[in-house]
Amino acid sequence: MIFTLIGILFGVQQGVNYGHVKLAFFTISIPTALIITAYFLRFGSSKPTFYKYAASILFVFYTSVVGGGYLYLVNAIGTHPSIAVSGPVMSKEQLKGKYKPSFHITFEDSESNVIMEVELSSNKYNDLKVGDIYMETMYIGSLGLLYRQKT
């Protein structure tokens, strides 16, 4: 239970980025699915059941969701070099949450030409227009993923 809460809460605090979700899928889900398959082939009975398939699928999904937060945690450990990312805002999106809305912008980094999506406060979001230059200092983490310093 604590394992679940730590992983999910750290992921929520850092903000979800689709690149991180994809990384979590390939680094956690696929190996977990292979381990479960090997386990059932070695120790399972010869007759597969619906229960085994359902439990396997749920476990792979669970480790992906929880493991994504742990990727953020491992990425943020230690001291890392800062990098300035900036570029023109390509789009703005306001997502309705259960308790409060979240504000996202998409921009193309001028240095690396990588399209990035970040979550902003409502004040920063309202100040920016499509075409404005967005600039922020981020950090390159242990896994090579960019993250913001939360204070």
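A residue counts as buried when its relative accessible area is under 20%. Keep that cut-off in mind as you move through this predicted model.

**Stop 1: helix α2**

Start by selecting T32, which sits in helix α2, residues 18-43. Is T32 buried or exposed? Its relative accessible area is 13%, so T32 is buried. Now show its surroundings: leaving aside residues up to four places away in sequence, T32 touches F59, V60 and T63.

Stay with helix α2 and select F25, which also belongs to this helix. Here the relative accessible area is 42%, so F25 is partly exposed.

**Stop 2: the aromatic pairs**

How many aromatic pairs does a search of the whole structure find? There are 2. Select F103 and Y125 to see one of them: the ring centres are 5.0 Å apart and the planes meet at 40 degrees, so the pair is tilted. F103 is in strand β2 (residues 102-108) and Y125 is in helix α4 (residues 122-127), so this pair ties together parts that are 22 residues apart in sequence. F103 is buried, because its relative accessibility is 11%. Y125 is buried too, with a relative accessible area of 9%.

Next, select F107 and Y134. Their ring centres lie 5.1 Å apart with the planes at 55 degrees, so this pair is tilted. What does the pair link? It joins distant parts of the chain, with F107 in strand β2 and Y134 in strand β4 (residues 133-140), 27 residues apart. Both F107 and Y134 are buried.

**Stop 3: a lysine over a ring**

K92 lies over the face of the Y125 ring, at 4.4 Å from the ring centre.

**Stop 4**

For the last stop, select N113, found in the loop between β2 and β3 (115-120). Is N113 buried or exposed? With a relative accessible area of 53%, N113 is exposed. Check the backbone here as well: phi of N113 is near 60 degrees, a positive value in a residue other than glycine.

Note on methods:
Residues are numbered from 1 along each chain as its sequence is written. This is a predicted model: local features need pLDDT of at least 70, side-chain atom pairs count only at pLDDT 80 or more; totals for chains, interfaces and linings use all residues. Side-chain values use heavy atoms; hydrogens and water are left out. Helices (H or I, at least four residues) and strands (E, at least two) are DSSP runs, numbered from the N terminus. Buried means under 20% relative accessible area, exposed over 50%, partly exposed in between (1.4 Å probe, protein chains only). Contact means heavy atoms within 4.5 Å. Rings of Phe, Tyr and Trp (its six-membered ring) pair if their centres lie within 6.5 Å; planes under 30 degrees apart count as stacked, over 60 as edge-to-face and the rest as tilted. A charge sits over a ring if NZ of Lys or CZ of Arg is within 6 Å of the ring centre and within 35 degrees of the ring normal.
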